[in-house]
Amino acid sequence: MGACGQNHLGYPQLDIVEAEQSCGPSGNSPMWRSLDELAGDPRVMALARREFPSLLDRLVDAPSRREFLRLMGASLALAGLEGCIRQPEEKIVPYVRAPEQIIPGKPLYYATAMTHGGASLGLLVESQMGRPVKVEGNPLHPAVPEVMSKANDATKSSLRFGATDAFAQAIVLSLYDPDRSQTVIHAGQIDTWESFYTQLRERLEKDTTTGGAGLRVLSEAVISPTLVDQIEALLKRFPGAKWHQYEPINEDAAIAGARLAFGASIVPSYDLAQADVILSLDADFLVDGPQRLVDGRAFAERRKVGGANAGSMNRLYMVETGRTQTGAVADHRLAVGPREVIQFTWAIAAAFGLQSAKSRFSEVIGVSQSWIDVVVGDLRKSRGRSVVLAGRMQPPVVHALAHWLNQALGNIGTTVTYRDPIVARAELNSESMRELTEGVRAGEVSTLIMLGGNPAYNAPAELKFGEVLAGVPFTVHLSEYVDETSAQCGWHIPAAHLLESWSDTRAADSTASIVQPLIAPLYGGKTSHELVAALLGDPDAKSHDLVRGYWERWHQRRGASDSFDAIWRTALHDGVVAGTQMPPVIRTLRPDIANALEHELDAINELPNAELQIAFRPDPSVWDGRFANNGWLQELPRPFSKLTWNNAVLVSPATAAEHSLKSGDVVEIVISSGSVKLPVVVVPGHPRQTVTVHIGYGRTAAGRIGNSVGVNIYPLRTSDAPWFAGIDRLKKTGTRVNLATTQHHHLLEGRNLIRTGTLAEFVAAPQHPKFMDVDEDTNPQESLYPQREWAGYQWGMVVNQSACFGCNACVVACQAENNVPIVGADQVSRGREMHWLRIDNYYDGSPDDPETYHQPMLCMHCEMAPCEVVCPVAATTHSDEGLNEMTYNRCVGTRYCSNNCPYKVRRFNFFDYNAELRENATMQLRPNPDVTVRSRGVMEKCTYCVQRINEARITTEKQDRTIHDGEIVTACQAACPAEALTFGNLNEATSAVAQLAKSSLNYSVLGELNTRPRTTHLAVVRNPNPALRHTSDESTT
Amino acid sequence: MNPQPNSTNLEHHERLVAPGHTFASVTDKIASIVLARQLKYGWVIGFALSFGLTMLLLFATAWLFVKGVGVWGIDVPVAWGFAIVNFVWWVGIGHAGTLISAILLLLHQEWRTSINRFAEAMTLFAVACAGMFPLLHLGRPQYFYWLVPYPSTMGVWPQFRSPLIWDFFAVSTYATVSLLFWYVGLIPDLATLRDRTKRRVPQIVYGILAMGWRGSARHWRRYQDAYLLLAALATPLVVSVHSVVSFDFAVAIVPGWHSTVFPPYFVAGAIYSGFAMVLTIAIPLRAAYGLKDFITDRHLDNMAKVMLASGLIVAYGYLTETFTAWYSGQQPDLYVVENRAMGPYAFWYWLLLTCNIAVPQFLWSARVRRNTYALFALALVINLGMWLERFIIVVVSLHRDFLPSSWGMYTPTFWDWSTLFGSIGLFVALMFLFIRLLPVISIFEMREMVEHSEHEQ
Amino acid sequence: MSGLSADTFGLLAEFRDAESLVAAAARVHQEGYRSVEAYSPMPVEGLADAIGYHRTRMPIVVLIGGIIGLVSGYSLQYYCAVISYPVNIGGRPLHSWPAFIPVTFEMTILGASLFAVLGMLAMNGLPRPHHPLFAVPQFERATRDHFFLCILRTDPLYHERATRRLLEQLGASEVVDVPL
């Protein structure tokens, strides 16, 4: 796959003529049709029939306005289909150099970038005949670690991939979402951009007289330099205008903390590769934060033992108020409440001599002194090679203390560096939002322009922003969906999807990336740039020109001699703009920091000290709710709970016992700001001081996928208690719900599914660690039949369970690459989820403080495959290269193979799960053309991405050479930030996978069955502090 | 038409046919059931009910084909549900017929005579019901014929290492041989009906089916040889068929399936349920048509004894399963035992043991064996028990296998149930038709019995 | 010979019970009659021997059927799995003979059974919907309770009156001409 990209270098302008021919007769067809024409058009009728069954009969006589609206949607979806070959008119530059035109069936890769979690993520998007179908990471981007980074130079010559996360993987599905907003809407009626602009101009002319005193712009955190530039221009034009930024999941605490420590809102960034000891104060740094992927990689690299880096393993102490993926892989984990975190941090700081702090916290409630001593000891031992991180949910004081500790430990400059924030105005989101709301209440606001965001849904509860909105005479909402906020606004403007947009963004080190579209807007969406340009009086501005213009000016300012065209081309090609990186800033702590902290502390002591606190966490799948209409993410099993299509209250076994709760019981939680009813999921290891709920659910206008999934938590979330709130009452309602979980049983039942040991044990006997031989039966027995010779390529995979931290990126990547269908909550609750790759998680030890293990499970491609033998029609057979292959069109669906698969990795199409895909014109653009879409009644499973293997084989055979190690990268492997998955040729002694297969930590899951799996696992090695062994002892027995 | 008083006093209990019967009387008595012009009221009711259930089966099947097997409760890990349970259950029931005809014939068990005919019919219908399920349970039933080895344009063939292929051959062979066996047995009686009936149409139909049988001495000789050889062939076949069915499980690696004791104890179970079903049919039948002279209490007694014996073998099978699980020392195998006894389906497991092991112990008492009501009740209990056994084997083994992460549950849906009861309806409806259209007892063999009993005196 | 009517099939003598039939049949056979056939509502011991029919060829027929089934069964599987469609199934060898046994066994039984039934019918000359005997009204009781002995006209010793007299002597309750 990589190499092919290299061969068919992309070309600026895709050959439209050819593409049109291949995509049907009509190019851009008129978007607008009269109702009669529309109703007469058989295609529209067919589409309408599928989309709005109830509509059919009523279609004949004059339909209501709503139906008219929906029908318009239908026609536009249709236009979307014809839009499939519509390339952007502007020049876009592919990632690799190009042939004369596209070769059908050969993908091109374009670099772009997505902004999520406060910074950009560099992407390479695979385009098949002008259709973006798959997302990979862009290794040239500073926030993206390269996959197979250790591969030899021969491989480096071919196309390289970088890691991604679940959100990035899922954006291609959102692009083709038929529920996306498709037209300008004014007061609930279809309207046009032109008439919007006319009204906007009138409105602005009124405002100009007052210097725009009534004009407000509300945006999400803006990182795009061009947009910042535009908005600043707008503010110059209207001096009275104000610009507000709001994100429900924000860094307010971190910013405040930095101000507290340095008097400046600077942001830390970490170099975990250098860190021997990591103390995380409720920071889920492996899956959250602007640097998550590189941090995850750096951390994982230090967790991989065996071979070269035997003793170089780091040690992670986690103090957390909930259950996080980072905590799950920690060597020592302290599950506590929010107050204990503060106290703990103080105690540590005191131990390192923070003045006058000691007096305040002689002893720490809920934390054993030995724990503190051990952590202090370890940190002291590794001065300059340790790091202390604070999570976004922790109050400013904890962040400040973390800064202070890093300073005290001499980590600044080695493991910790500081940078100026990349977000346009490092302001406190909640304050900005409150200010705006007050403005509206006071009637100062006459015009409110909202660039994205969904404040009516996710603004702090006490502001009642949704209601307040009605008070603004002229409101405009630019959004991808007609969502809760759009419904409250006079004007709704459809926003272009990321993959349809020209824009730019920055990484944490402020390296800029140009966002280039892969496809012209399917539904004629607008970008923020175009809307702001309209505000500035230019309704026809193209965002391409705006972005290019900004960077051209930037280029001139630098006064460099070389031509901008070249710079621009390279920037688009590489996905990063050279020379935009900012150097770290050096700041010293405020001299009066101690007193400042003490003062903070008083504030905290005033907080109500509830027995049980509720923690509002960003959802690992739908984030703040913006991904609610993305089926892949909705169906993605949430970590620990393995829950899909719902949010729930995660409680500790202790809490569950206290209220006699079982998973599925619905409880009512009452806090000062309100109450909520949610089902419970009991999660071993969850702190007993808190219960966790995830925000982002209970959407009412998300789309057909996301509507009324779960319960909306925002009404409980106020700006002074955004993350934690004391629970007044938690009551069992007596009703039960059937939770759509993909894993119901999390105990090992005394089976040797996971080999695990400590670093000490490994170092004692690196060649043969004693924890590896658990059971003599696990060596494959002799077979009656003669053994088989395996020659040539022999594919295999090794899963490093020490590195995997269960971020789920691989699961979505697999779903995207292999056209794995979404089955919905009901089917999941019936045990019919279709994921080819799943991450099992197991608990071992006491329910209160168990060891947690992630075990990625995919088809093992057994050499002695039990599934193949029982198939009556030879629909599943073995290839010469050791692949266990499914022949879909031979399968009659006896499901015997699934019964006989001890790993239960086979998935069956109980219904026609792809019906909608086949019927919906827009969604038909999505699937990966290299992979069959499976029909009803056939079995399916992981193929090791055989399409990628074959692609590489064809390429290399044409070049008359063998496939280099790392030239084939499976979808899951490409996505994995930890490089926990390694794929390759087991017959090639030097290949990475062959090396790992030889490792003394390598074992076959259920090897005793003599299935001879090709996918093997590496034992989980952890690095507990001997001084604290007793805790890990009691948790591993 | 009914010259004989019912013989109920004890001395006749040991007889296989009541005294005083002549060739003519047995012939007329049995033939009359078929040749009687008017329909019995009870027959109409019974047929209507069972036919209604058959319609339910058709409805459920139609819905299944429209929507897909997802309408059932199956999932991953429990990919096989009621369909396979019912299949094994029906195949098991289908064993008594051929067994009674073949093995008892070879063993010169004369008492088989008056029950073998409808036992064989029962076999055919049970196998028909059974054969339906492997088809229905396919994800793509329209391609069932891919299991047949035929030269396809794709040049692909079935995969003969799969127990499902063995199944396919075993069951179809069994169906064919049972049909032949049944038909050969019918030929002389069809001739009798041909000559008894006064109406034209039946004469023609029975005439064609009788193939011109005249009862010539040479024919009888070849006929008897062929029938005996057929019996000799059918006997190992009966054993092989349920052994092969048990391979579906024994050959797989699923804990709770992967066990060498399966073939023998499946066969025993088959006989067990088969005889239970024969009793379930025989008792009402002889009451309804006054056949107590031919299906005497001694018949019931003997069948009860066979049930008891096969029941004990089944019990031994359960014991061995548990023992080998313990002996293997493999955690998954041990867990199967634990899970059956204490898991979420424990109730059904204990109910199974009650039905198949505890209750049948009453059969030790002659009084129970001679009490038709008790016997009938017992037969029903055992039918239920044997169905539960298959449910426990199929579902409870699958729902918790090797990886705790993929453990699941199985909950039957309305469509599962309607397919089960629908198949029962089909079976009963076919039985009703058979009773009306063909002699339920082998007439010529009854004549032989009469002759022998005359010799005895 | 005299009094031969070309349109008769033979003479049919009716008996009341099996014993007299067997006796008569034996006697007739002694007299040298060979084209003789006896009819009874159920198999009667010794009747076939009495008319000089001692052993059938059924066993060999069945054996042949069995062998054909066995060979075809195994070779079918061998051809499919090894010659025509050799694929790697679960790492097992192409010719994994233990797995081929069940089908072979079933095919053997099937072959044998089919030959048994079809062979029996063929040798009995069935199906034969019409037969001269069916024209005789009394004969319908042959499938109920009466026993018959029939001497065919084609027998060299056959003589209209002599044969009839013989049969009557043997205690036939009735002797009738069977028209052809």
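Student: How many salt bridges does the rule find across the interface of chain A and chain B?

Tutor: This is a predicted model, and in it 55 residues of chain A are in contact with 52 residues of chain B. Residue pairs in polar contact between these two chains, with both partners at pLDDT 80 or more, number 34. For salt bridges across the interface of chain A and chain B, the count by the rule is 1.

Student: Which residue of chain A meets the side chain of B:Asp401 in a salt bridge?

Tutor: The side of chain A that touches chain B takes two or more residues from each of strand E27 (838-844), helix H31 (866-869), helix H32 (896-899) and strand E31 (907-908). By residue class, that side divides into 26 nonpolar, 14 polar and 15 charged residues. The side chain that meets B:Asp401, at 2.9 Å from N to O, is that of A:Lys904.

Student: What area is buried between chain C and chain B?

Tutor: The size of an interface is often given as the accessible area lost when the parts come together. Between chain A and chain B that area is about 4300 Å², with 55% given by carbon and sulfur atoms. The contact of chain C with chain B takes 64 residues from chain C and 55 residues from chain B, and carbon and sulfur atoms carry 67% of the area that is buried there, about 5400 Å².

Student: Which element gives the largest share of the side of chain C that touches chain B?

Tutor: Between chain C and chain B there are 3 salt bridges and 24 residue pairs in polar contact, both residues being at pLDDT 80 or more. The elements of chain C that give two or more residues to this side are helix H1 (18-31), strand E2 (36-39), helix H2 (47-50), helix H3 (58-84) and helix H4 (101-123). With 15 residues, the largest share comes from H4(C).

Student: Why does the pair of A:Glu668 and A:Arg729 tie together separate parts of the sequence, and how many residues apart are they?

Tutor: The side chains of A:Glu668 and A:Arg729 meet in a salt bridge of 3.9 Å, N to O. A:Glu668 is buried at a relative accessible area of 14%, whereas A:Arg729, at 41%, is partly exposed. Because A:Glu668 lies in strand E21 (residues 665-671) and A:Arg729 in strand E24 (residues 724-736), the pair ties together parts whose separation in sequence is 61 residues.

Student: Which side chain does a polar contact join to that of A:His964?

Tutor: A:His964 lies in the loop between helix H34 (946-958) and helix H35 (971-975) of chain A. Because its relative accessibility is 24%, A:His964 counts as partly exposed. The polar contact spans 3.1 Å, and the side chain joined to that of A:His964 belongs to A:Arg961.

Student: What is the mean pLDDT of chain A?

Tutor: Over residues 52-63 of chain A the pLDDT stays under 50, and the model has 11 contacts beyond four places in sequence for this stretch. Residues 1030-1037 of chain A are also below 50, with 13 contacts beyond near neighbours in sequence. In chain A, 86% of the residues reach 70 or more, and the mean pLDDT is 85.

Methods
Residues are numbered from 1 along each chain as its sequence is written. Chains are lettered from A and ligands numbered from 1 in the order in which they are written. Side-chain values use heavy atoms; hydrogens and water are left out. Helices (H or I, at least four residues) and strands (E, at least two) are DSSP runs, numbered from the N terminus. Buried means under 20% relative accessible area, exposed over 50%, partly exposed in between (1.4 Å probe, protein chains only). A polar contact is a pair of N or O atoms within 3.5 Å; within protein, one must be able to donate a hydrogen and the other to accept it, and residues adjacent in sequence count only if both atoms are side-chain atoms. Contact means heavy atoms within 4.5 Å. Buried area is the accessible area (1.4 Å probe) that two parts lose on being put together, summed over both. A salt bridge is a side-chain nitrogen of Lys or Arg within 4 Å of a carboxyl oxygen of Asp or Glu. Ala, Val, Leu, Ile, Met, Phe, Trp, Tyr, Cys and Pro count as nonpolar, Asp, Glu, Lys and Arg as charged, and the others, Gly among them, as polar. pLDDT is the predictor's confidence in each residue, from 0 to 100.
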